[in-house]
Each structure stands twice: as structure tokens, then as C-alpha cells.
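This briefing is written for a reader who is meeting the structure for the first time. Please keep the sequence and the model at hand while going through the points below.

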Amino acid sequence: MSSLFEAAETAALDGALPLAARMRPRTLDEFVGQTHFLGEGKLLRRMLQAGRLQSLIFHGPPGTGKTTLAEIIAHHIAAKFVSLNAASCGVKELREALDEARHRLTVQQSKTILFVDELHHFNRTQQDVLLPDVERGIVTLIGATTLNPSFSLVSALLSRSQLFLFEPLSEADILALMRRALGDPIRGLGRSNVTCTDEALEFLARICDGDARRALTALEIAVGSVTSTASDNKATAGVVELAVAEESIQRKAVVYDRAGDMHYDVASAFIKSMRVSDADGAIAWLARMLEGGEDPRFISRRLVIFAAEDVGLADPQALAIANAAAEATDRVGMPECRIILAEATVYLARAAKSREAYDAIEAAIESIRTGRSEQVPMELKTETAKRIQNKSHHAGKE
């Protein structure tokens, strides 16, 4: 009887789970994204196929599948999956998990995947506690972190682990996940009798910044908001349109075509606002691009070019600031990099402007293209060239 009660309780709990948790992929074939290391023939796929798995560090933004992939790997190699959160786990809990893994290996000959979320929260002492059992293979560590592990993990642990960088999911990946959820009658929303317009789905895919969890949560809210219950307790049909999708994620769709004329028009307005030292206008156009889903790296590249081309020698520090902003943008990504881009934008807009170097190199190149090629004057040649020319000159006299 108890098993019946347990089954009923499990079903109830599964039904209470958010859509993102219910739709979490369970196999490698269901997993979406990260094809640069998990696609056919790629490193992690080959490691799993060969059964030669070492400790792994997953580094990347939230909602890109780090926890999910760790669970899939544990199932794939038939290992016990033990999960800890470094933000709330002390040395005592860590030692207990390691002791249990050692007992599991020696008595049951069963492997353990120790998944440590937010691994960057572990201090040096906790990492030192973990290291010996990682070295001896008592556990296979899979750590997940949103920060660069090079700055937060001890070198000994890094050297014994394979690092995999998770990238934000593409809009195509997010769309595939949402459509899978809409069509799944068991774990997803297939029984809701609700349809979604392409415009609504594309908006959610674009606005979620590559975060599958955020997109599926917004989709669940949108579908729930248009589902009404009739007197016979059956869901009546509803349609999730763009306005519903906007409300579900509390963001308006920005009219911005990243592949068309608007992409270039807004970028031009952004540059011209900085050129006339209109910091407020430049920030407004920056916000328009970011809210429209523009790649922040495109914006950072424009800032570097502007610093060299328009600010130039009037403020040589501007190029260093723009370049630092580009590197930081590439490192942290959205949404935090919006602050970095805003700081660089304001600085460049307020900076003095000089196109002296730009005009000089343009004029020199034009002169070379249209004029006659001149020889290098003797006084500017290398010493070797001078000696060779002098010898030739003397030989000619003899």
C-alpha cells in the first residue's frame, strides 16, 4: 500500500513543479545547445562515449543547462547523483557527502557524481577538503559556476578538471524548447488547448537572453493567463499573442530589426549622438539597441572604433577605456554589461574630439593609391641597406 501512496505523492509533486523543471531534458538526445563541446564528435561527447570521464567544471550564465547536463551525465554513466550548493554547504556537509561516496564505491562498487552548484562560493579550505577524493577518483566532480573559475578556484583543482564554457542558448534553441513544451501532453502544456503565435514565441525567445528557464517560465505564465475553465471542467481554447507574451515577462517588444535597416539606423544615431557630445541621446539609443536584442559585442566594437576615429588624440585614454569595456562586455555578458557599455558611452560622448590621426592616415593612404611610389630616402634606410648602397656606389666608380 505504501508504494501506492508514494506513487501518488510523486505524481502530485511532479504536477506542482514549474514547467522549466518538468521539461528538463533527461537524455543527451533531448539536451539542446552547447553543440561546440557536446555535438557529435566533440570533446565531451567523445569522453562520454569512451567512458573516460574526469572531473568537469561548467562555466556560463544561468539557464544554459549546467545542472541539467550534470544530471544527464550521471544517468548516462549509471552513477549516483549527489548535489550540493556551495553557497549554503559547509565543510561538515561536504565531508559527509564524500564519506558516503567512499562507502558507496567500496561496498556497492557504485560511482558518484558530486555536483557542486555555485562552486565559486567554496573557499580554499573547502576546495582542499574536496581535492584528495577528486584525485583518488572517490567522486567525479562536476562544478557549476557563473564566474570565471580561473579567479575563484585553486590551481590544483583546476588542473585536475576539464573546463567547459556554456554559451547562452540561441533563439532557435529557445524556440525549439518552447515548442517542445507546447506539444508535450505529459510533462508540458500539450493538454492546455492553447496555441501561441509565432510572433509571441519569437519575442520570448529573443527577450530571455539565452536563458531557457526564463523563457519556459514566461511561457507557462502566458499559457495559464489565457486558459479559462468551462463548466464541464475542460480547458477552452486560447491564443497567446504578442501582448500576452509581453505581459507574462513584463517587457514590451521593442521595434528593432537587427538584420535590417533599423539596425544600421539606430547604430548611426548612437554614433552621431556621441559625436555631438549628446550623452543622454547616446544612452537612449544604447538602451534601444540592448532592449531590441542587439549583440552587446557589436556595440562594444563600435565604441572602440569611435574612440580611435572620433575622440582620437584629444583624449588618448578614451581608446583604453573603450577597449576595456569591450573586454569586460565579452567576459560578463548581459545583463550586467549594459552598465559597462553605458559608462563607456557617457565617457566617449563627453570627451573632447579630434579626427587628426584619422584624417592623416586617410590622406596618406589616398596619396599612395593615386601618386607615384617613392623610394625610401637614404637617411631613413636601415644601416645594412646603407652599407650595401655605399658598396655599390664605390664599385661603380672603380
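## Cores, helix packing and loops

The largest nonpolar core has 34 residues, and those with the most contacts inside it are I174, M178, L204, L216, L219, V223 and V240. A nonpolar core is here a set of buried Ala, Val, Leu, Ile, Met, Phe, Trp, Tyr and Cys residues joined through side-chain atoms within 4.5 Å. Buried stands for under 20% relative accessible area, exposed for over 50%, and partly exposed for what lies in between (1.4 Å probe, protein chains only). The model is a predicted one, in which local features need pLDDT of at least 70 and side-chain atom pairs count only at pLDDT 80 or more, while totals for chains, interfaces and linings use all residues. Residues are numbered from 1 along each chain as its sequence is written, and side-chain values use heavy atoms, with hydrogens and water left out.

- V223 touches L182, L189, S192, V194, C196 and V240, when residues up to four places away in sequence are not counted; contact means heavy atoms within 4.5 Å.

**The chain as a whole**

- The chain contains 20 helices and seven strands, and 40% of its 398 residues count as buried.
- Among the contacts in the chain with a separation of 6 or more, 74% are between residues 24 or more positions apart.

**Helix 13 and its partners**

- Six of the eight residues of helix 13 are buried, so this helix is largely enclosed by the rest of the structure.
- The buried residues are L242, V244, A245, E246, S248 and I249, and they pack against helix 11, helix 12 and strand 7 (238-240).
- Helix 12 (residues 212-226) and helix 13 (residues 242-249) pack at an angle of about 120°, with their axes 8 Å apart; axes are lines fitted to C-alpha atoms, for helices over the stretch in contact, and angles run from 0 to 180 degrees between N-to-C directions.
- Helix 12 and helix 13 are therefore oblique to each other, given that angles under 35 degrees count as roughly parallel, over 145 as roughly antiparallel, 65 to 115 as roughly perpendicular and the rest as oblique.
- On the side of helix 12 this contact is made by R214, A218, I221, A222, S225 and V226, and on the side of helix 13 by V244, S248 and I249.
- These contact residues of helix 12 and helix 13 divide into six nonpolar, two polar and one charged, where Ala, Val, Leu, Ile, Met, Phe, Trp, Tyr, Cys and Pro count as nonpolar, Asp, Glu, Lys and Arg as charged, and the others, Gly among them, as polar.
- The axes of helix 11 and helix 13 come within 8 Å and cross at roughly 30°, which makes helix 11 roughly parallel to helix 13.
- This second contact joins E199, A200, F203, L204 and I207 of helix 11 to L242, A245, E246, S248 and I249 of helix 13, and its residues divide into seven nonpolar, one polar and two charged.

**Loops and backbone details**

- G188 lies in the loop between helix 10 and strand 6 and is buried, with a relative accessible area of 14%.
- Leaving aside neighbours within four places in sequence, G188 is in contact with L19, R22, M23 and A181, and its C-alpha atom is separated by 9.7 Å from that of P18, which is 170 residues away along the chain.
- N193 is found in the loop between helix 10 and strand 6; its phi is near 60°, a positive value in a residue other than glycine, and at 42% relative accessibility N193 counts as partly exposed.
- S277, in the loop between helix 14 (261-275) and helix 15 (279-291), has a positive phi of about 65° although it is not a glycine, and is partly exposed at a relative accessible area of 40%.
- M334 and P335 are joined by a cis peptide bond, with omega about 5°, and P335 lies in the loop between helix 17 (317-332) and helix 18 (337-350).

Notes:
Helices (H or I, at least four residues) and strands (E, at least two) are DSSP runs, numbered from the N terminus.
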